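With the structure open in your viewer, please follow this tour stop by stop, selecting the residues as they are named.

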Amino acid sequence: MSQNDSTIVVPPDSGTLRINQTNIHSVKYEDIEGLLAKEFGDSFRAYRRKYERSLNYDKTGFVSSFPLTVQIELVNRCNLTCIMCYTDNHKRKKETMTIATIDKLLAECNRNELPAFVIGMGSEALLYKNIREVITKVREAGVMDIFLGTNATLLTEDLSEFIVDQRVARVEISLDAATPETYLKIRRKNELPLVDANVRRLVEVKRRKGSALPLIRLCFCVQPLNVDERQMFEDKWRDYVDYIDFQEMVDFSSVNALVARDYDSIPGLSEMVVADTHCAYPFNSLNVWANGDVTPCCTFYGKALVLGNVAEKSLQEIWQGEEIREIRRELITGELNPACRVCLSQRDRENFTKVKSGE
């Protein structure tokens, strides 16, 4: 633990330590941690030890001196209208993160030796016209674990070559269907043949160049329309990608009411049952939206928990601020604020559990 890392007093808990987020079921075809440790050495191992401590905040009380991960949304636009997404985010006034803001963020991240940076959050990162410049700047800032999130519809061969050459650590591709019919129902465009070809081409470029990076992760948001395609999806991709993360779907229908503090319009808010109050995001990450707002999590419910704006505060000030300290306290005690309560209660546990259990 570095000099400025800290711990929060938590109740004694002898439960099993977590190694993953509780809302993700990971199917790995490669030793992900081992491959990245081989690439980045002891610094990566130290970062992942801190990350695992943060996942178990309710047992360890661990909070690093600076976020372990910073995520950014470059532009609040997407070229798909997925049924499980908060598409209101993409219909509002266009917000685009400036290069000056990115430079400011990365300078602070560099000073604090940030280990992980995620490009792409609530929107499609490849719509950002200067995406290559951003990737280059993040690498030059000394970040090890660079994530690029995309739906892969715009993942051209030239861009794949660039990503491999820049040694981006991970490409996260959101892809929730094994068949064109299901893809169309969920993503509302008939783009699966294009996406399949783009992903396989990225794999081919990586193999042709003899590169271990990027590790390729498929993100499958589990929901009623696709839960029966889980095994088909695994069989389709096991020989191409490094791992698949099956993720719980969250119902975002209450986001607008929470942002407006219109709690009376949310039926049964005070009685909502939260079966699992675990959420490690406020203990390991900060998330910056295209307009500069900073939130404690990357989900759209975070929009009701804005901690500040990077035009006015540094990430360090926000990370150590009273607002996020209170959210951490709430998650430890279970005395949740309305946004966390609704978010954690709206997870689709039933279908996600079917995937985890292999039903």
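The lining of the second largest pocket in this predicted model comprises eight nonpolar, seven polar and three charged residues. To find the centre of this pocket, select Lys50, Asn112, Glu113, Leu114 and Pro115, which lie nearest to it among the 18 lining residues. Helix H2 (residues 42-55) gives the most to the lining, with four residues, and the space inside the pocket is about 380 Å³.

Next, select Thr153, which sits in the loop between strand S6 (145-150) and helix H6 (157-165) and counts as buried, at 8% relative accessibility. Its side chain makes polar contacts with the side chains of Asn79, at 2.8 Å, and of Asn151, at 2.7 Å. Beyond four places in sequence, the residues in contact with Thr153 include Tyr183, Glu191 and Asn198.

The remaining stops are salt bridges, of which the whole structure has 26. Select Glu248 and Arg347, whose closest N and O atoms are 3.5 Å apart; because Glu248 lies in strand S9 (residues 243-248) and Arg347 in the loop between helix H14 (338-345) and helix H15 (349-357), this pair ties together parts that are 99 residues apart in sequence. Glu248 is buried, with a relative accessible area of 6%, and Arg347 is buried as well, at 11%.

Glu133 is partly exposed, at 34%.

Finally, select Glu161, Asp165, Glu204, Arg208 and Lys209 together, which are linked in a network of salt bridges.

Technical notes
Residues are numbered from 1 along each chain as its sequence is written. This is a predicted model: local features need pLDDT of at least 70, side-chain atom pairs count only at pLDDT 80 or more; totals for chains, interfaces and linings use all residues. Side-chain values use heavy atoms; hydrogens and water are left out. Helices (H or I, at least four residues) and strands (E, at least two) are DSSP runs, numbered from the N terminus. Buried means under 20% relative accessible area, exposed over 50%, partly exposed in between (1.4 Å probe, protein chains only). A polar contact is a pair of N or O atoms within 3.5 Å; within protein, one must be able to donate a hydrogen and the other to accept it, and residues adjacent in sequence count only if both atoms are side-chain atoms. Contact means heavy atoms within 4.5 Å. On a 1 Å grid over the protein atoms alone, a cavity is a set of points where a 1.4 Å probe fits but cannot get out, and a pocket is an open set with protein on both sides within 12 Å along at least five of seven lines; lining residues have an atom within 4 Å of a point. Grid points are joined across faces, edges and corners, and a volume is the space filled by probe spheres set on the points. Ala, Val, Leu, Ile, Met, Phe, Trp, Tyr, Cys and Pro count as nonpolar, Asp, Glu, Lys and Arg as charged, and the others, Gly among them, as polar. A salt bridge is a side-chain nitrogen of Lys or Arg within 4 Å of a carboxyl oxygen of Asp or Glu.
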